[in-house]
Amino acid sequence: MNRNYLAECVRLLYWIYFKPFTLAEWLREIHPDLVSDTNPFTMREKFRVNPKLRRYAGQVWFLMVVVPLIAVVLVGIIYSLAVEPFNWLRSSLILMGWLLANRIVRGTNSSLQIGLILMVMSMLFSFTLAIITEQLFIPEIQRLILQPSFVSVLLGLMYGMCFGMGPSVAFGTVFDVAFGVALGVASGVTSGVAGVTSSGVAFGVAAIWGVTWGTTLGVGWRVPLDAGLRALVGASFGQFSVTLSFLNLASVTAVMTVGVVFGVIWILSVLRVYFWIPELLWMFFLLRLVPEGDEAKWLRCLPPYFDQLIHLPMPLIDSFIVKAYQQNPVAAQQTINYLINSTNQHKVALKAMVGIAIDSLNRCQNSEDIVAITEQLAWIPSPPPAEIGSVLPELLAISQDVCAAENASSAYLQSEMLATPLTKLNRLRKSLVLRKNAALATSFGSIVQRWLSILETSRQTLEEAALDSAEIPQVYVAGSALNPENSSSRFKGRLDVFREIESLASSSQPPVLLLYGGRRTGKTSALKFLPKKVGSELVPLSIDIQGAAAATTLSGLAEFIADEIVEEARRNRNLQLPAIDRDSLKIDPFMALQKWFVKIEKIAPEKRFLLCLDEFERLQEVVQKTGSRAPLNFLRYIFQHRANWILLFSGSHTLDELNPYWNDYLINTQSLRMTYLQESEARDLIRNPVANFPDIYTEAAIDEIIYLTRCQPYYVQLMCRVLVDRLNAINREKTRLNQEKQRQLTADDVQAAILKSLEQGGAAFRERYQELTESEREFLDKLIDEPVLAVAESRSWPRLVEKEVLEVTEECYRFQVPLFQKFVEIQSRQ
């Protein structure tokens with residue numbers, strides 16, 4: 001046996017008691033099926049092909065034989081010198097029984113193993129009866145059974161049998177407590193080593209607690225076995241009621257003593273106080289003596305790196321890691337990963353994560369630091385620990401918004417885009433007040449306040465820079481629906497539509513509302529602004545059916561509708577609706593929705609709920625996918641039986657353009673048309689899309705825009721966007737040539753921007769053109785060739801008039817929107 005073999009045995013013993021996670025990983029490398037609960041001797045058929053497995057089994061056997069002998073000798077000498085002569089005979093007999101039993105159990109002779117079990121069971125039965133009663137045995141036989149030598153061998157055999165079969169180390173602790181030092185040394189040490197073979201993880205340093213508490217109880221039979229074991233063994237056989245009459249004051253004292261000892265042993269063996277105290281002192285030493293700024297160099301000296309089973313609280317580790325993160329983030333992250341994956345210090349790792357996150361967020365001094373936070377904290381898992389909750393993801397999202405603002409093309413756009421993170425921060429600050437974790441709310445509240453101050457200062461600086469810059473800010477939005485949070489000044493008009501919706505919704509018997517109009521006329525934007533335009537007693541709940549149409553099942557559609565309603569109520573009216581029963585949604589989705597609507601009415605009886613279904617035509621796709629009209633039946637039920645719920649359908653089709661079955665569901669419908677802006681509203685949009693917008697249009701240019709777009713909001717925004725880009729490009733060129741800059745756009749500039757407008761808005765124009773039937777397109781091509789087509793001399797095209805493509809003036813057809821006419825002219829030439 002060489003030194004390497006002994007060193008490996010010592011390392012294995014160290015891993016058993018201190019590093020079970022490392023041991024488990026090492027065992028998997030030896031054999032995939034070898035885990036901490038595997039007895040290597042049951043895999044002896046693989047020894048030939050796996051030398052490492054055979055070596056491991058040999059090391060286990062060596063530890064099991066040698067360690068108990070060494071422990072008995074050492075403790076026996078110390079005990080004899082410090083207390084009284086040690087009972088070498090009894091300890092030797094216990095060890096002999098233990099070794100004999102383990103040798104048989106780990107052998108291949110199954111008959112011998114069964115015989116050993118039967119023998120030990122019969123001996124234990126005889127021993128128990130000899131203690132419980134004095135009637136079944138003559139005194140000589142009883143004295144023989146209760147002789148210490150007999151009991152010692154019996155206990156050794158029983159201990160070896162139990163742990164050789166590997167059921168539990170905890171069973172052996174009963175005997176360690178009951179029989180004092182002799183058994184504490186012999187069986188206590190062997191139970192710890194047996195754990196190597198049977199379970200792979202020691203129950204604690206068995207020798208230490210066995211000797212310590214065995215000494216406390218006394219040597220040999222000083223534990224009052226006569227009464228105490230009668231109660232314990234009798235109870236284990238279900239005979240506590242019989243033996244109760246034999247108990248006296250001594251037996252009660254014995255039972256209480258055993259109970260106390262069990263508690264103390266649990267403290268010492270499971271909690272391992274004797275290791276925790278020096279580890280705690282070592283942690284204080286690190287915090288006090290390690291120089292400020294050198295924490296990262298000492299991370300590998302933290303107690304969990306040496307002891308993976310620290311059960312008692314180990315404070316200050318998380319604060320040490322937080323300090324180390326400031327100097328070496330990679331090393332700190334590696335330490336956190338080690339604590340999570342290789343120790344039982346998960347809570348400490350989570351506290352370190354929280355501390356690092358809060359510390360990093362607190363260190364932000366400017367907008368650049370806020371932008372960098374996303375990358376700095378990207379290593380924290382998603383979803384983050386519960387201790388951080390949803391606050392960290394929200395702050396990371398705000399960091400990304402600030403990053404997008406920083407990358408904007410102009411100072412004005414940067415300032416405008418900062419409005420989104422500022423809005424989110426204000427909302428987060430209000431929500432933190434309602435958080436249950438007061439300490440966390442306080443910590444993050446100061447962070448939110450600091451970020452608000454930083455971003456407000458940055459926005460003010462950007463606004464000043466935008467005013468000093470000759471660059472015209474690009475503020476026109478063409479295509480996307482306007483958002484009230486950042487586009488309130490761009491939304492113009494529609495007051496008549498809002499007033500009519502509010503009036504109809506407030507009537508005693510409100511009808512079904514149908515908001516219709518051509519695409520990109522502002523219907524979705526109007527629904528987004530509706531909560532700000534109507535009274536608080538009306539709760540608009542806008543649902544994008546285009547998104548709901550992705551559902552392939554009725555339960556999926558109902559769940560989407562419920563989620564959207566909850567979010568809209570919270571966002572629009574700060575109304576917290578009750579959660580819907582998800583299980584009932586899977587069984588009968590729309591019946592569950594009906595019951596849920598009734599529950600909502602009860603918690604807010606003074607409210608009326610306006611259910612706005614945007615792009616409602618997409619419900620036809622759901623009906624086709626599922627083969628069920630349950631969604632439409634549900635909507636009809638809501639209209640007919642729920643007085644506090646009003647339906648509003650928004651789309652680009654009227655009822656006569658839909659499938660005939662819609663007429664059965666949308667009865668008593670009041671139509672509201674979304675069409676062009678008023679001319680005054682369009683002029684206001686051109687001149688004042690946002691506050692303090694420079695005066696860049698001549699009156700002639702505005703008149704030309706009004707003429708070409710017919711005040712259609714999308715076309716107005718599109719042309720103005722192109723014109724701003726044109727003016728900025730002209731001025732950049734003039735600056736390069738050292739020429740005077742152009743201050744205003746003229747009608748000629750508007751004419752020059754037509755082709756660019758058709759190019760940028762090509763998708764919208766083509767969509768509009770493709771919606772027409774082939775015959776309608778042919779008629780438009782003919783109208784291009786013959787600009788004056790008398791109504792009386794041609795077929796009547798009322799559908800084109802209803803679609804706001806044509807209009808009739810002086811008994812002749814003509815295009816309503818000249819800009820769209822330009823697009824048709826190009827299409828007809830292709």
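Trainee: Hi! Which residue in E4 stands opposite Cys612?

Mentor: Cys612 stands opposite Leu648 in E4. Keep in mind that this is a predicted model.

Trainee: Good to know. How do strands E3 and E4 pair, and over how many bridges?

Mentor: E3, residues 608-614, and E4, residues 645-651, pair in the parallel sense over six bridges.

Trainee: What holds paired strands together in general?

Mentor: Strands of a sheet pair through backbone hydrogen bonds, either parallel or antiparallel.

Trainee: Back to this one, then. What is the strand order in the sheet?

Mentor: The order is E2-E3-E4-E1-E5, an open sheet of five strands with parallel pairing. Strand E2 (538-544) and strand E5 (669-673) are at the edges; each has a single partner strand, so one side of each has no neighbour in the sheet. From one strand to the next, the twist averages 20 degrees.

Trainee: Which helices pack on that sheet?

Mentor: Helix H23 (residues 495-505) is one of them, touching strand E1 (512-516), E2, E3, E4 and E5. The direction of H23 makes about 165 degrees with that of E5. Helix H24 (residues 523-533) packs on the sheet too, and touches E1, E2, E3 and E4. For H24, the angle with the direction of E3 is about 160 degrees.

Trainee: Switching topic: how many salt bridges are there?

Mentor: The count comes to 31 salt bridges. As background, side chains of opposite charge can pair when their charged atoms come close.

Trainee: Give me one involving Glu771. What is its partner?

Mentor: Glu771 forms a salt bridge with Arg519, and the closest N and O atoms are 2.8 Å apart. Glu771 is in the loop between helix H37 (762-770) and helix H38 (774-785), while Arg519 is in the loop between E1 and H24, so the pair ties together parts that are 252 residues apart in sequence.

Trainee: Which residues are linked with them in a network of salt bridges?

Mentor: Arg520, Glu615 and Glu767 are linked with Arg519 and Glu771 in a network of salt bridges.

Trainee: And what about Arg570, where does that one sit and what does it pair with?

Mentor: Arg570 forms a salt bridge with Glu567, with the closest N and O atoms 2.6 Å apart. Both lie in helix H26 (residues 554-573), three residues apart, which is about one turn of the helix. Arg570 counts as partly exposed at 31% relative accessibility, and Glu567 is partly exposed with a relative accessible area of 31%.

Trainee: You mentioned H38. At what angle does H38 pack with H40?

Mentor: H38 and helix H40 (residues 818-829) pack at about 95 degrees, and their axes are 10 Å apart. That makes H38 roughly perpendicular to H40. On the H38 side the contact is made by Leu780, Asp781 and Ile784, and on the H40 side by Gln821, Val824, Glu825 and Ser828.

Trainee: Zooming out, how many helices and strands does the protein have?

Mentor: The protein has 40 helices and eight strands. Of its 830 residues, 50% are buried.

Definitions and conventions: Residues are numbered from 1 along each chain as its sequence is written. This is a predicted model: local features need pLDDT of at least 70, side-chain atom pairs count only at pLDDT 80 or more; totals for chains, interfaces and linings use all residues. Side-chain values use heavy atoms; hydrogens and water are left out. Two strands pair if DSSP finds at least two bridges between them. Helices (H or I, at least four residues) and strands (E, at least two) are DSSP runs, numbered from the N terminus. Axes are lines fitted to C-alpha atoms, for helices over the stretch in contact, and angles run from 0 to 180 degrees between N-to-C directions. Contact means heavy atoms within 4.5 Å. Buried means under 20% relative accessible area, exposed over 50%, partly exposed in between (1.4 Å probe, protein chains only). A salt bridge is a side-chain nitrogen of Lys or Arg within 4 Å of a carboxyl oxygen of Asp or Glu. Angles under 35 degrees count as roughly parallel, over 145 as roughly antiparallel, 65 to 115 as roughly perpendicular and the rest as oblique.
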